[in-house]
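User: I have a model open and I'd like to learn how to read it. Could you walk me through it feature by feature?

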Amino acid sequence: MYVVKVYVTYKDSVLDPQGEAVKGAVHRLGFDEIEEIRIGKYFEIKVRKAERPIETTIEDICDKLLANVNMETYRYEIKEEV
């Protein structure tokens with residue numbers, strides 16, 4: 001069994017309106033040193049061993065469902081559960 005952690009965020013070239021709103025709130029709290037906040041999505045997926053490589057499975061899921069590849073980018077970490 002594997003545990004895959006997937007992180008999805010807007011590409012650097014795309015405005016993150018939620019991140020901007022949070023940054024504004026942080027500034028109003030007096031934390032003026034904060035320059036940027038980006039909001040993203042986190043998924044934790046448990047995958048059993050199969051014939052198909054786990055990387056292929058995860059990339060297909062991300063490309064087809066979890067991320068809008070036009071606006072978002074993703075990365076993932078795969079760890080084998082003992």
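This is a predicted model: local features need pLDDT of at least 70, side-chain atom pairs count only at pLDDT 80 or more; totals for chains, interfaces and linings use all residues.

User: Good. Of the contacts between residues at least 6 apart in sequence, what share joins residues at least 24 apart?

Analyst: In the protein chain that share is 70%.

User: Which elements does the chain have, and in what order do they run?

Analyst: There are 2 helices and 3 strands. Starting at the N terminus, you'd read them as β-α-β-α-β.

User: How do I judge the overall shape? What is the radius of gyration of the chain?

Analyst: Compare it with a reference: for 82 residues, a compact globule would come out near 12 Å, whereas this protein chain has 16 Å. Along the principal axes, the C-alpha atoms fill a box of roughly 50 × 30 × 15 Å.

User: And the surface?

Analyst: The accessible surface is about 6,200 Å², with 52% of that belonging to carbon and sulfur atoms. As for charges, there are 13 positive and 17 negative ones, and their mean positions are 5 Å apart.

User: What percentage of the residues is buried?

Analyst: Buried residues account for 23% of the 82. The cut-off is under 20% relative accessible area for buried and over 50% for exposed.

User: Let me try one. Is Arg-28 buried or exposed?

Analyst: Arg-28 counts as exposed because its relative accessibility is 67%. You'll find Arg-28 in helix α1, residues 17–28. Its C-alpha atom is 31 Å from that of Asn-68, which is 40 residues away along the chain.

User: Now the inside. Which residues make up the largest nonpolar core?

Analyst: The core has 10 residues: Val-4, Val-6, Val-8, Ile-45, Val-47, Ile-54, Ile-58, Cys-62, Leu-66 and Ala-67. Elements giving two or more residues to this core are β1 (2–10), β2 (40–47) and α2 (54–66). The largest share, 4 residues, comes from α2.

User: What does Leu-66 touch, leaving out residues up to four places away in sequence?

Analyst: Leu-66 touches Val-6, Val-8, Lys-41, Phe-43, Ile-45, Ile-61 and Glu-72.

User: Glu-72 is on that list. Is Glu-72 buried or exposed?

Analyst: Glu-72 has a relative accessible area of 13%, so it counts as buried. Glu-72 belongs to strand β3, residues 72–80. With residues up to four places away left out, Glu-72 touches Val-8, Thr-9, Tyr-10, Lys-11, Lys-41, Leu-66 and Ala-67.

Terms used
Residues are numbered from 1 along each chain as its sequence is written. Side-chain values use heavy atoms; hydrogens and water are left out. The radius of gyration is taken over C-alpha atoms; the globule rule is 2.2 Å times the number of residues to the power 0.38. Buried means under 20% relative accessible area, exposed over 50%, partly exposed in between (1.4 Å probe, protein chains only). Contact means heavy atoms within 4.5 Å. Accessible areas come from the Shrake-Rupley method with a 1.4 Å probe; for residues, only the protein chains shown count as cover. Lys and Arg count as positive and Asp and Glu as negative; His and the chain ends are not counted. The place of a charge is taken as NZ of Lys, CZ of Arg, CG of Asp or CD of Glu. A nonpolar core is a set of buried Ala, Val, Leu, Ile, Met, Phe, Trp, Tyr and Cys residues joined through side-chain atoms within 4.5 Å.
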